[in-house]
Amino acid sequence: GPGFETHDYDVVVIGAGGAGLRAAIAAHDAGARVAIVCKSLLGKAHTVMAEGGAAAAMGNLWPDDNWKVHFRDTMRGGKMLNNWRMAQVHAQEAPDRVLELEEWGALFDRTPDGLISQRDFGGHRYARLAHVGDRTGLEMIRTLQQRAVALGIDVFMEFTVTELCKADDRIVGAVGYWRETGRFVVFNAPSVVLATGGIGRSFQVTSNSWEYTGDGHALAMRAGASLINMEFVQFHPTGMVWPMSVRGLLVTESVRGDGGILKNSDGERFMFNYIPDFFKAETADSVEEADGWYEDKKNNRRPPELLPRDEVARAINSEVKAGRGTEHGGVYLDIASRRDPEFIRRRLPSMYHQFKELAGVDITQEAMEIGPTCHYVMGGVEVDPDTQQSSVDGLYAAGEVSGGMHGSNRLGGNSLSDLLVFGRRAGECAAENAAKHSNERAAVPDSTATAAADAALAPFAEEGGENPYTIQKDLQDVMHRLVGIIRKREELVTSLTELEELKARAEHLSVEGNRQYNPGWHLAIDLANMLIVSECVATAALEREESRGGHTREDFPMASDEWAQINLVLTYDGESVGLARQPLPVMPDDLKELFD
Ligand code: FAD
């Protein structure tokens, strides 16, 4: 572009979490010249925060476990709205991806026999999370990052991509800027992989890091790709509720997997009151059976604390609403009275320190206070289940930014495995696509690059406009109040009106100072993305008149057979979000048999 720093690659991967790093390695191995771009420092992506583990039916600890059981659990957890083909590929390939990670140096926890240890998590029939204490994401990123760097893959860090560029209806590159200097950069590339993660920062209480502003979702839409399942946002049942400064911070599900139970302020272990019919056959209905399960899984059913996350989050919400909450508006999560201190410190070292340092609570002695927190978005870029390509030629998506795999609710541990399985596939296919275009390289047109930079710089020219921090705060308030864990028609209608008002206000943002490391300006750019994505969530939530997984409608409390066959697809015309119903892909008969 005119005066822009410019780079040519075969594949540009946006995002350096598990999905991005795995995609970059795969694209490199397939012969492509690859760049990884990320907003934070390399090694700081959201994936490092993942605690519990990566789900993979290794079949080592539980010989009866295999991909079919994992596939079935995943589909049931997602209330059958998952793209069946993605769920199948995921369950089939996850064990190889975990073993490969081990080959590359990841040090998973072991069984006494030296096999990769497997941890229990909600919704999984067998213990099947490969883990490293409660710091699995950190080990995963460390391993992938070391490999990517050793392979010589170029990394652009502290760098934000603001626009994808197309010519002749296909991807030709991307435009972004160095966060430190504010200087713009053009990438020419026939393939771009989005691996930008989630959207949690649009909500008031969230476990997500500052990077989660839905950039990839919005970039894809502006480039003409579609999103699906955006009404399905996962509220994790256990986030910290105090101190206020860390409200929403995650308390890993491993606490329950390792024996922790939920109690209300009357001291009642209340989850037995919330077992839905759908899961009755596989859930313990007495304390004795539930407690017996940890040692003897053959003869006991799972404790109700390990129901899928949507069920547990709604139960906690109901207890608090009924006046049986704790001092700070949560419920108790108790492992202190259930396991000895040495076990707790060994299995849950991060949790031990997190509570000790932030709340002054010793979790080996006292119960934790917890409540639901916005954690994960099931919805995302609509992709081909085998190649991860979006509806735009040359644009791929993998990891949390992509949609379909998890249906209406993701099982714990299924994200880390998703990143590896689909990151690899996206990288390979992106490299293949680049090779196809090797003789007719298109470049980002100068006018496109200039327009993208001008749009990003607009808030500097506006005098006396709105403060981006104020709008972000108002947006989080709207999403929390009207599009949160329990929804209803009137509130969703109001949310869309309020979002329109916020969008209008956001047309006139002002930022102070200059382009050098200017957080207010960075937020101004992110805000546009947060607003589009929030509109998608609210629009789809209003349309889907049923309750399923991460989407609960007070006015339509049951799942409906009709809606069980429908995906909602969202597109963007440059001004507002459009919505269409699309029939669910039909599962082949040999897989259907698994559900009788
Ligand atoms: P990320 O790891 O978030 O990476 C996104 C990358 O994109 C970052 O590098 C970011 O800088 C970059 N990026 C974003 N926008 C831009 C832009 N505009 N320009 C340039 N770069 C950009 N899942 C499990 O399976 N098991 C667990 O135990 C588990 N524990 C979790 C614990 C916590 C506290 C949280 C919050 C989540 C947990 N999850 C877990 C979910 C899981 O961690 C995430 O879904 C997953 O890490 C997402 O990975 P990703 O590769 O898609 O994105």
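Helices and strands here are DSSP runs, helices of at least four residues and strands of at least two, numbered from the N terminus. In those terms, glutamate 400 lies in the loop between strand S18 and helix H12 (414-436). The structure is a predicted model.

**Glutamate 400**

- Glutamate 400 has a relative accessible area of 7%, and is therefore buried, the cut-off being under 20%.
- Apart from neighbours within four places in sequence, glutamate 400 is in contact with Gly197, Gly198, Tyr212, His217, His375, Tyr376, Val377, Gly379 and Leu419.
- One of these contacts is polar: the side chains of glutamate 400 and tyrosine 212 make a polar contact at 3.4 Å.
- A polar atom of the glutamate 400 side chain also lies 3.1 Å from the backbone nitrogen of valine 377.
- Glutamine 92 is 308 residues from glutamate 400 along the chain, and the C-alpha atoms of the two are separated by 19 Å.

- Strand S11 (residues 191-194) pairs with strand S2 (residues 11-14) in the parallel sense, over four bridges.
- In that pairing, valine 13 has valine 193 of S11 as its bridge partner.
- S11 also pairs with strand S18 (residues 395-397), again in the parallel sense, over three bridges.
- Here the bridge partner of leucine 194 is alanine 397 in S18.
- In a regular strand, side chains alternate between the two faces of the sheet.
- In S11, Ser191 and Val193 point one way while Val192 and Leu194 point the other way, and all are buried.

**The sheet S13-S16-S15-S14**

- Four strands make an open sheet in the order S13-S16-S15-S14, with antiparallel pairing.
- Strand S13 (233-240) and strand S14 (261-263) are at the edges; each has a single partner strand, so one side of each has no neighbour in the sheet.
- From one strand to the next, the twist averages 45°.
- S13 and strand S16 (residues 368-377) are antiparallel and share six bridges.
- Histidine 236 stands opposite threonine 373 in S16.

**The sheet S1-S10-S9-S8**

- Another open sheet of four strands runs in the order S1-S10-S9-S8, and its pairing is mixed.
- At the edges stand strand S1 (5-8) and S8, each with a single partner strand, so one side of each is left without a neighbour in the sheet.
- The average twist from one strand to the next is 25°.
- Helix H13 (residues 446-461) packs on this sheet and touches S8, S9 and S10, its direction making about 145° with that of S10.
- The parallel part of the pairing includes S1 and strand S10 (residues 184-188), joined over four bridges.
- In this pair, histidine 7 stands opposite phenylalanine 187 in S10.
- Strand S8 (residues 159-167) and strand S9 (residues 170-178) pair in the antiparallel sense over eight bridges.
- Alanine 167 stands opposite arginine 170 in S9.
- The hairpin of S8 and S9 has two residues between the strands, and aspartate 168 takes a positive phi near 50° there.

**Helix H14**

- Helix H14 (residues 468-482) has 15 residues, which at 1.5 Å a residue should span 21 Å; the end C-alpha atoms are 21 Å apart, in agreement.
- The buried residues of H14 are Pro468, Ile471, Gln472, Leu475, Gln476, Val478, Met479 and Leu482.
- Viewed down the helix axis, the buried residues of H14 fall within an arc of 165°, so they line one face.
- Their cover includes helix H15 (489-506) and helix H16 (519-543).
- At the start of H14, a side-chain oxygen of asparagine 467 comes to within 2.8 Å of the backbone nitrogen of tyrosine 469.

- Glutamate 93 is in helix H3 (residues 84-103).
- With a relative accessible area of 16%, glutamate 93 is buried.
- Beyond its neighbours within four places in sequence, glutamate 93 is in contact with Val421, Arg424 and Arg425.
- Phenylalanine 595 is in the segment after helix H17 (589-592).
- Not counting residues up to four places away in sequence, phenylalanine 595 touches Phe71, Arg72, Met75, Arg76, Met80 and Met587.
- Arginine 76 is 519 residues from phenylalanine 595 along the chain, yet their C-alpha atoms are separated by 8.8 Å.

Technical notes
Residues are numbered from 1 along each chain as its sequence is written. This is a predicted model: local features need pLDDT of at least 70, side-chain atom pairs count only at pLDDT 80 or more; totals for chains, interfaces and linings use all residues. Side-chain values use heavy atoms; hydrogens and water are left out. The expected span of a helix is 1.5 Å times one less than its number of residues. Buried means under 20% relative accessible area, exposed over 50%, partly exposed in between (1.4 Å probe, protein chains only). The arc is that of the directions from the helix axis to the C-beta atoms. Contact means heavy atoms within 4.5 Å. A polar contact is a pair of N or O atoms within 3.5 Å; within protein, one must be able to donate a hydrogen and the other to accept it, and residues adjacent in sequence count only if both atoms are side-chain atoms. Two strands pair if DSSP finds at least two bridges between them. Axes are lines fitted to C-alpha atoms, for helices over the stretch in contact, and angles run from 0 to 180 degrees between N-to-C directions.
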